[in-house]
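Dear colleague,

Here is the structure I said I would pass on. Please look through it first; my notes on what was found follow below.

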Amino acid sequence: MKIFLDTASVDDIREAASWGILDGVTTNPSLVSKEHGRTFDDILNEIVTITNGPVSAEVVADHSEDMVTQGERLAKVAPNIVVKIPMGVEGLKAIRVLSEKEIATNCTLIFNATQAMLAAKAGATFVSPFLGRLDDIGHDGMELIGQIVTIFDNYAFDTEVLAASIRNPLHVVDAALHGADICTIPFKILQQIVKHPLTDIGIERFNSDWKKVPH
C-alpha cells in the first residue's frame, strides 16, 4: 500500500519524505487555510520539489467549465500534480474532460460505492472515500473500501482507491487489509504508526545492556 501525507504543511511533508516512506501528498482547501501567510501556489510549488509522487490540489468551483479551467492551471504547476475534484454531476463532467486531456484527477468526497464506480467510469485516476466521516455518522467506512476494491477488480478499472479521512492507526491497518491502493494520513497519525511501546522498551534495554559490554 502506498502512503500519502494528508497535509499542506511543507515542514511535515519534508520530514515524512526524509523517512523514505512518502509516496505522495493530498491537500484540500481546509488544510491550505491552516498555513497562514502563504498562498496556495507558493505551497504547491514547494511541495512538488519535495516529492515526485502525486500531489493532489483541489479545485474550488461549482460548474464543470470552471473546474476544468482551474484544473488545467493547476496541472501546469508540475507533472505530478493531480487535480482533485469533488463528487457530483459537475465534477464528473470535469473529470471526463480532464481525463481526455490526459490530466490526472482525484475524485474526492466519495461516500458510497456507486459514486466511486461513476468516478472511475468518468476516467478518475484516484477515488477518495472518506472513512472517518462515515464512521462519524454510524456507517462502516471500511466496508465501503472493500466494496469499491471488489467492484474495481470485477471490472478491471485502472482507478486507484485512496483511503482518506484517516482518524487513527487502526484505520491504516484496516485500509490495507481491505485492499486500498493508497492511504493518505495526517502527520500526527503517521507519527503514531511508527511507534510501539515494546519497541521503545526493547531499544532502551539493548542500549542499557550495550553499556555493560567492555569497549
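**The barrel and its strands**

Strand β3 (residues 55-58) pairs with strand β4 (residues 81-86) in the parallel sense, over four bridges. Within this pairing, S56 stands opposite V82 in β4. Helix α3 (residues 40-50) packs on the sheet and touches β2 (24-26), β3 and β4, and its direction makes about 170 degrees with that of β3. Helix α10 (residues 187-194) also packs on the sheet, touching β1 (2-6) and β8, and its direction makes about 110 degrees with that of β8. Please keep in mind that this is a predicted model.

The strands belong to a closed barrel of eight, which runs β1-β2-β3-β4-β5-β6-β7-β8 with parallel pairing. From one strand to the next, the twist averages 30 degrees.

**Around β7**

Strand β6 (residues 126-129) pairs with β7 in the parallel sense over two bridges, and F126 stands opposite E160 in β7. β7 also pairs with strand β8 (residues 182-185), again in the parallel sense and over two bridges. Here A163 stands opposite C183 in β8. β7, α9 and β8 together make a right-handed β-α-β unit.

Which residues of β7 point one way, and which the other way? E160 and L162 point one way, V161 and A163 point the other way, and all are buried.

T108 is in strand β5 (residues 105-110). Is T108 buried or exposed? Its relative accessible area is 2%, and a residue under 20% counts as buried, so T108 is buried. Leaving aside neighbours within four places in sequence, T108 is in contact with E58, K84, I85, P86, M87, S128 and F130.

**Salt bridges**

How many salt bridges does the structure hold? It holds ten, and I describe some of them here.

E46 forms a salt bridge with R38, with the closest N and O atoms 2.8 Å apart. E46 is partly exposed, at a relative accessible area of 25%, and R38 counts as partly exposed at 33%. This pair is part of a network of salt bridges that links R14, R38 and E46.

The side chains of E90 and K93 meet in a salt bridge at 3.3 Å, N to O. Both residues lie in helix α5 (residues 89-100), and because they are three residues apart there, about one helical turn separates them. E90 counts as partly exposed at 23% relative accessibility, and K93 counts as partly exposed at 41%.

R167 forms a salt bridge with D136, where the closest N and O atoms are 2.9 Å apart. R167 lies in the loop between β7 (160-163) and α9 (169-177) and D136 lies in helix α7 (residues 131-136), so the pair ties together parts that are 31 residues apart in sequence. R167 is partly exposed, with a relative accessible area of 39%. D136 has a relative accessibility of 54%, and over 50% counts as exposed, so D136 is exposed.

**Aromatic pairs**

The structure holds four aromatic pairs. One of them is formed by W19 and F187; this pair is tilted, with 5.9 Å centre to centre and 40 degrees between the planes. The pair links distant parts of the chain, with W19 in the loop between α1 (10-18) and β2 and F187 in helix α10, 168 residues apart. W19 is partly exposed, with a relative accessible area of 33%, whereas F187 counts as buried at 11%.

Why is the pair of F152 and F157 described as edge-to-face? The centres of the two rings are 5.4 Å apart and their planes are at 70 degrees; planes over 60 degrees apart count as edge-to-face, so the pair is edge-to-face. F152 is buried, at a relative accessible area of 4%, and F157 counts as partly exposed at 23% relative accessibility.

Those are my notes.

Regards

Definitions and conventions: Residues are numbered from 1 along each chain as its sequence is written. This is a predicted model: local features need pLDDT of at least 70, side-chain atom pairs count only at pLDDT 80 or more; totals for chains, interfaces and linings use all residues. Side-chain values use heavy atoms; hydrogens and water are left out. Buried means under 20% relative accessible area, exposed over 50%, partly exposed in between (1.4 Å probe, protein chains only). Contact means heavy atoms within 4.5 Å. A salt bridge is a side-chain nitrogen of Lys or Arg within 4 Å of a carboxyl oxygen of Asp or Glu. Two strands pair if DSSP finds at least two bridges between them. A crossover is right-handed if, with the strands pointing away from the viewer, the path from the first strand over the helix to the second runs clockwise. Axes are lines fitted to C-alpha atoms, for helices over the stretch in contact, and angles run from 0 to 180 degrees between N-to-C directions. Rings of Phe, Tyr and Trp (its six-membered ring) pair if their centres lie within 6.5 Å; planes under 30 degrees apart count as stacked, over 60 as edge-to-face and the rest as tilted.
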